Amino acid sequence: MNNSDFTPRDNFSSKFGIIAAAAGSAVGLGNIWKFPYVAGQNGGGAFLVVYLLFVVAIGLPVMLSEFSIGRRAQRNALGSFKKLAPGKPWYLVGVMGLAASFLILSFYSAVAGWTLEYVFRSVTGVFSGTKEQDFEYIFVSFISGTWRPLFWQLLFMALTAWIVMAGIKKGIEKYTKVLMPLLVIMIIILCIRSTTLPGAAEGLAFLFQPDFSALSTDAVLGALGQAFFSLSLGMGTLITYGSYIGKNNNLSTTVVQVSAADTIIAIMAGVAIFPAVFAFGIDPAEGPGLVFITLPNIFQQMAFGGFFELLFFVLLAVAALTSSISLLEVVVAYFIEELHMKRITATIFAAVMITILGVFCTLSFGVMSGVEIFGMIIFDLMDFTASNLLLPLGGFFIVAFVGWYLGSELSRREISNEGQLKVRYFPVFMFLVKFVAPFAITLVFIYGLGLLRI
Ligand code: TRP
């Protein structure tokens, strides 16, 4: 990712680096842990249709907007707004992004900790011989504990901080290029095993036959939140990454490739999960435990299941790590630039604060499960506030900024690499960022939050 690399070969490798980094951020627990359980809670097929619609009509324009803002400004999330709109309140979008990154990483690290526990269990082989109905009990008793889940969460945050501290560029890119394709192969194997289980058809029907009568307004807001969460949008992660993208990269192509990869992996996770959910009589609306209960069941039905289980959870932990790094980096970059901290101090400071918040998320499944705010335990409250409120709101202002503040001329110059690329779709993009995306987000908000009922 060097602006001075103009030879075609270097160009190619840097292009791959950009995609690996952005896809590394996008592909994570959101695809494999969250997508199946949110789809399961919201009726399956109809949720998937709405989700895909949001990815295309809102996700793509928001992502292209974030990349454009970052590459234009060559700054971090908050600094970009300050530079492009000096003296204007637009930087508050960056402030909101920082808040979102705190909230997301606090519950993200809790779930990432669970994956580490499952890595550990695969190594020690404690699952062998477990009966179908016991996996739920095993999962629930683990997450409702105190020290064990906290230990794994702490370890995961330490890993994240350690990598961010050391500087991510080379190491992370090198790993993701190898590990992400491996993860895809693993999911394909799981899809095959799952769809060949007796009774698999019911699960596929659940995912692919939309029943729109089951679609609630909550589900529509959930689909919007999930689209933002899964694509890493709405809080400036991709503004920061955009600032590292060379001026000769075709941003629109990158956007389409990253979004397609993210969406395909989420759907494949659904194909791996739902047939097994129905085959083993698990409730599709099970919630955050869905993959942790379903997958060990599938592994038990496979030859070399223990080995595949270990491999899968290691890869899932790595996918979570490449995402958590991008979340922490947003805060760290801000601390370095605005508060003039050293990278090491900034990383430790941010990680410690997020971990403290994260402890409450983890404990909200155990000793603090009685604490409910707006009817949600702390974990769900963090997730809901960040994913369903802050991210779409951030996305609203990001597209509005590009559509109405930067305007057509500057945006066209940025996206067409100062006129070098043909951008025939540009009027469509402008129409989406000026009208469709802001309007759609507002509408989903109003209905989803119950401000208006029909
Ligand atoms: N997209 C990641 C996932 O699906 C999580 C993530 C990383 C994220 N960076 C983000 C979510 C920024 C929202 C905003 O697991």
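View 1. A polar side-chain atom of Ser-326 is found 3.3 Å from a nitrogen atom of the ligand, in a polar contact (a pair of N or O atoms within 3.5 Å). The protein covers 100% of the 370 Å² of accessible area that the ligand has on its own, as given by the Shrake-Rupley method with a 1.4 Å probe. A nitrogen atom of the ligand is also 3.2 Å from a polar backbone atom of Ser-230, and an oxygen atom of the ligand is 3.4 Å from an N or O atom in the side chain of Asn-31. The model is a predicted one, in which local features need pLDDT of at least 70, side-chain atom pairs count only at pLDDT 80 or more, and totals for chains, interfaces and linings use all residues. Residues are numbered from 1 along each chain as its sequence is written, and side-chain values use heavy atoms, with hydrogens and water left out.

**View 2. The shell around the ligand.** The ligand is surrounded by 18 residues, of which the closest are Ala-26, Gly-30, Tyr-108, Phe-229 and Ser-232; a residue is near the ligand if one of its heavy atoms lies within 4 Å of it. The shell divides into nine nonpolar residues, nine polar and no charged, with Gly counted among the polar ones.

**View 3. Tyr-91.** Tyr-91 belongs to helix 5, and because its relative accessibility is 32%, Tyr-91 counts as partly exposed (between buried, under 20%, and exposed, over 50%, with a 1.4 Å probe and protein chains only).

How values were computed. Polar contact = N/O pair within 3.5 Å; in protein donor to acceptor, adjacent residues only side chain to side chain. Helix = DSSP H or I, 4+ residues; strand = E, 2+ residues; numbered from the N terminus.
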